[in-house]
Amino acid sequence: MSGAERLGISAVVPAYNEAESLPELVRELTAALDALGRPWEILIVDDGSRDGTDQAIAALAAADRRVRGVSLRQNFGKSAALATAFRLARGAWVLTLDADLQDDPAELPRLVEALEQGLDLVSGWKQKRQDPISKTLPSRLFNVVTSWVAGVRLHDFNCGYKLYRREVTESLEIYGELHRFLPALAHWRGFRVGEVPVRHRARRFGKSKFGASRFVNGFLDLLSAAFISTSALKPLHVFGRIGLAFLALGLGLGVWFVAQWVGGEPMRVRPLMLVGAGLALVGIQFILMGLLGEMIAHLGAGVEYPIRQRYNLDAGA
């Protein structure tokens with residue numbers, strides 16, 4: 001029997017400088033998972049913290065074998081932490097929540113009920129956010145635009161409190177900062193996505209790790225996610241179509257000038273002739289960009305991030 005068959009749920013916690021909050025989070029999360037009445041594990045990914053988060057994970061893992069963890073060699077970002085956790089999680093269902101105690105583990109039954117009703121991914125919706133308006137206002141705009149682009153209506157795409165079926169996490173390729181768009185990525189792959197309201201608590205320890213730049217980066221990442229996940233999945237299909245259109249226009253102008261020359265019109269350099277040559281060159285460049293994108297996409301597949309330390313985690317798990 002495999003680990004995925006033995007375990008009912010893996011609770012995944014990406015953590016960056018959250019040493020103070022982890023003991024309380026694990027205590028609350030253990031109580032919530034025990035109440036479900038199915039086998040579970042807690043998997044904590046230390047994303048290169050410098051405040052003793054790795055020591056906190058080691059202590060928690062020593063106290064309970066169901067708590068497992070890894071420490072990445074440096075701060076790669078939340079997407080990297082989630083990608084690592086999804087690769088190592090053994091549960092049939094995968095729960096994600098932030099390490100800062102703002103997500104309430106007691107809300108877990110809401111997510112479980114939604115998944116049992118047929119969803120493949122259920123996302124939390126922080127209806128009453130305990131954050132300043134400098135975060136909540138841009139977040140609302142971000143969610144409206146993301147809903148429109150993604151084609152799936154959610155109020156809170158970036159909420160870290162989510163519950164997935166294992167097949168969803170196994171199908172998602174997460175890198176950069178695409179963790180903000182996991183519901184959109186899942187929807188584009190044909191999975192059923194929904195949301196439920198969850199309680200959001202004020203931060204008790206530390207401070208937010210995200211600055212204002214996350215909103216600009218977020219919109220850029222949205223374009224990237226839409227580009228790689230929609231029907232125009234292959235770079236060559238996108239750039240190639242644009243390139244062929246420019247190339248056809250350029251060659252069409254060239255053929256027209258050749259036809260005039262065959263008909264007796266003297267051949268001489270004209271502005272329109274230069275435009276045709278330029279369009280043909282631009283078209284060739286777009287096609288080459290598509291081929292280059294295909295090569296990069298092929299080489300970048302299957303990235304694994306280096307781990308510095310393991311806790312209750314066998315090398316073959």
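Tutor: The protein exposes about 15,900 Å², with carbon and sulfur atoms supplying 60% of that. Areas here are Shrake-Rupley values with a 1.4 Å probe, and for residues only the protein chains shown count as cover.

Student: What kind of model is it, and how are residues numbered?

Tutor: It's a predicted model, where local features need pLDDT of at least 70, side-chain atom pairs count only at pLDDT 80 or more, and totals for chains, interfaces and linings use all residues. Residues are numbered from 1 along each chain as its sequence is written, and side-chain values use heavy atoms, leaving out hydrogens and water.

Student: How many helices and strands does the protein have?

Tutor: Eleven helices and eight strands. Those are DSSP runs numbered from the N terminus: H or I of at least four residues for helices, E of at least two for strands.

Student: And how much of the protein is buried?

Tutor: Buried residues make up 50% of the 317. Buried means under 20% relative accessible area, exposed means over 50%, and partly exposed is in between (1.4 Å probe, protein chains only).

Student: Switching topic: at what angle do helix 2 and helix 3 pack?

Tutor: About 35°, with the axes of helix 2 (residues 22-36) and helix 3 (residues 53-63) 10 Å apart. Axes are lines fitted to C-alpha atoms, for helices over the stretch in contact, and angles run from 0 to 180 degrees between N-to-C directions.

Student: Which residues make that contact?

Tutor: Leu22, Pro23 and Val26 from helix 2, against Thr53, Ala56, Ile57 and Leu60 from helix 3. Contact means heavy atoms within 4.5 Å.

Student: Glutamate 28 is in helix 2 too. Is glutamate 28 buried or exposed?

Tutor: Buried, at 15% relative accessible area. Leaving aside residues up to four places away in sequence, glutamate 28 touches Asp104, Pro105 and Arg201.

Student: What about asparagine 17?

Tutor: Its phi is near 55°, again a positive value in a residue other than glycine. Asparagine 17 lies in the loop between strand 1 (9-15) and helix 2, and is partly exposed, with a relative accessible area of 24%.
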